[in-house]
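Please keep the sequence and the structure in view while reading.

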Amino acid sequence: MNNVELKKVKNLKGELTLPPDKSISHRAIMFASLAEGESIVRNFLRAEDPVSTINAFRKLGIKIREENVIPPHPPLSKGGGSGNVVISGKGLYGLKEPFDVIDCGNSGTTARLISGILAGSSFFSVLTGDDSLKQRPMSRVINPLKEMGAEISGRAGDKYLPMAVKGKTLKAVHYTTPVASAQVKSCLILAGLYANGTTAVTEPFKSRDHTERMLKAMGAGIEVHDLTVRINGGSRLHAFDVSVPSDFSSAAFFIAAALIVPGSEVLIKGVGINPTRTGLLEVLKEMGANVELHNIRDVSGEPVADIYCKNAGSLRAAKIGKERIPSIIDEFPILCVLAAQADGVTEIRGAGELRFKESDRIKAMSSELEKLGAGLEEHPDGITIKGTAHLKGCGVESYGDHRIAMSLAVAALAAEGTTVIKGASCVDISFPGFFEKLRSLYR
Ligand code: S3P
């Protein structure tokens, strides 16, 4: 299924449940491995990225097994379905030296968060990844970890994977991150667990806070004040029982699809609406979209809601500056698709970080939307898109990036004729079964 063909649809209707949150699934496996005793993660995301995290912790000597997987489905490595994962945590100092290199696959979250744990663990390890991950910046974690006294080095003068780590006791620092990144912040919080004293991390804007919420619930000495997080070294973590809500970033594709295909009406159940993740909802309000949150509740310390979207005619253009980028960081590609269908000119700036994701997402969306007929201008730090384009189906590239593939699939539903998405199987990174779910809404 590496090439997927999609046609313009009449409308999308229905109620659906989407895959579990990727960020929370990664963290649950990692933190449970460092806790004392058996933890259970319910509704774990069976997709390639979190499986990279499971494989990494198995290599580090942690027993992880699956339970109650429904429906009967392919092995974990192939993904799909939903299930529980049981992790036998061995405490902060219970990991063992891996026999081989740890392969993080396509997952930046795996590589960057684990590096904070390995920096404080008393053994030697090497991290690597696929060709995309090997080109993503690792100096952003290597440099601060070195300030904490870590013995760590990476390819090309400490810039990239592979990365070699010789763990040792770390010293607490107060580090100010130049960019708002939950992966960097979380890496340093985890390293802080292994430091003498209290480690502080300050970021320029608030990035997602799943790490802070989960570690607090596990009993860590962690405090948050505005943009600064403080963590006490040596905090012991209790085992837990956690349920993972559906991923807002996966829901975003379906929200957008309902908003650009006339006559659509969709209800997405049980989606995480952590405010550090849902900047898209604010933008959509400004664009005049009809999106409602129903049945707001708390699930394992994270806010969750059912999201109802009804197509209410055309959207208005929006202006997005750098302070809003962290809360829409993974929604940039789908926001470009929405902008291409809105009335007026949408400008997204201060988004230079998007060039360092699974692909250069500014370049990828500029070139592929242009092929589909959108009027736009690419900037070093963002994009300007002239809306109400009459998109016309053609062959487009995914760049091996799951969120580019899914965004283009949504664009295809509003484009005349047929669109072929090349390299579409990368959706399995976060969303096995994406195309089947989308088609289930066709009316
Ligand atoms: C993530 C943080 C973000 C996001 C990524 C997942 C996380 O990356 O884009 O998909 O789980 O911490 P950055 O920290 O690089 O912004």
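The points below cover cavities, a pocket, aromatic rings and strands.

The model is predicted: local features need pLDDT of at least 70, side-chain atom pairs count only at pLDDT 80 or more, and totals for chains, interfaces and linings use all residues. Residues are numbered from 1 along each chain as its sequence is written, and side-chain values use heavy atoms, with hydrogens and water left out.

**Cavities**

- On a 1 Å grid over the protein atoms alone, a cavity is a set of points where a 1.4 Å probe fits but cannot get out, and lining residues have an atom within 4 Å of a point.
- Grid points are joined across faces, edges and corners, and a volume is the space filled by probe spheres set on the points.
- Three cavities of 30 Å³ or more are found in a search of the whole structure.
- The largest cavity holds about 390 Å³ of space.
- Its lining consists of 30 residues, and those nearest the centre are Q183, R208, I329, D330 and K357.
- Helices (H or I, at least four residues) and strands (E, at least two) are DSSP runs, numbered from the N terminus.
- Elements α1 (22-34), α3 (108-119) and α6 (182-193) are those that give two or more residues to the lining of the largest cavity.
- In the classes used here, Ala, Val, Leu, Ile, Met, Phe, Trp, Tyr, Cys and Pro count as nonpolar, Asp, Glu, Lys and Arg as charged, and the others, Gly among them, as polar.
- The lining of the largest cavity has 15 charged, nine polar and six nonpolar residues.
- The largest cavity lies between domain 1 (4-20 + 245-439) and domain 2 (22-243), because both give residues to its lining; the domain bounds come from an automatic or database domain assignment.
- The second largest cavity contains about 40 Å³ of space.
- Among the residues that line the second largest cavity are D21, I24, H210, R277 and E302.
- The lining of the second largest cavity divides into three nonpolar, four polar and three charged residues.

**A pocket**

- A pocket is an open set of grid points with protein on both sides within 12 Å along at least five of seven lines.
- The volume of the second largest pocket is about 320 Å³.
- This pocket has a lining of 20 residues, of which K8, I260, P262, Q341 and A414 lie nearest its centre.
- Both α8 (248-260) and α12 (402-414) supply at least two residues of that lining.
- By class, the lining of the second largest pocket has 11 nonpolar, six polar and three charged residues.

**Aromatic rings**

- A pair of aromatic rings is described by the distance of the centres and the angle of the planes.
- Rings of Phe, Tyr and Trp (its six-membered ring) pair if their centres lie within 6.5 Å; planes under 30 degrees apart count as stacked, over 60 as edge-to-face and the rest as tilted.
- The count of aromatic pairs comes to six.
- One of the pairs is F431 with F434, which is edge-to-face at 5.3 Å centre to centre, with 75 degrees between the planes.
- F434 also forms an edge-to-face pair with F435, at 5.1 Å centre to centre and 75 degrees between the planes.
- One aromatic cluster is formed by F253, F254, F431, F434 and F435.
- Buried means under 20% relative accessible area, exposed over 50%, and partly exposed in between (1.4 Å probe, protein chains only).
- F431 is buried, because its relative accessible area is 1%; F434 is buried at 1%, and F435 is buried at 2%.

**A residue of helix α13**

- E436 lies in helix α13 (residues 434-439).
- E436 counts as exposed because its relative accessibility is 53%.
- In sequence E436 and A257 are 179 residues apart, while in space they are 14 Å apart, C-alpha to C-alpha.

**Strands**

- Two strands pair if DSSP finds at least two bridges between them.
- Strand β3 (residues 36-45) runs antiparallel to strand β5 (residues 82-90), joined by eight bridges, and E36 has K90 as its bridge partner in β5.
- β3 also pairs in the parallel sense with strand β16 (residues 241-243) over three bridges, where V41 has V242 as its bridge partner.
- β8 and strand β9 (residues 160-166) run antiparallel and are joined by four bridges.
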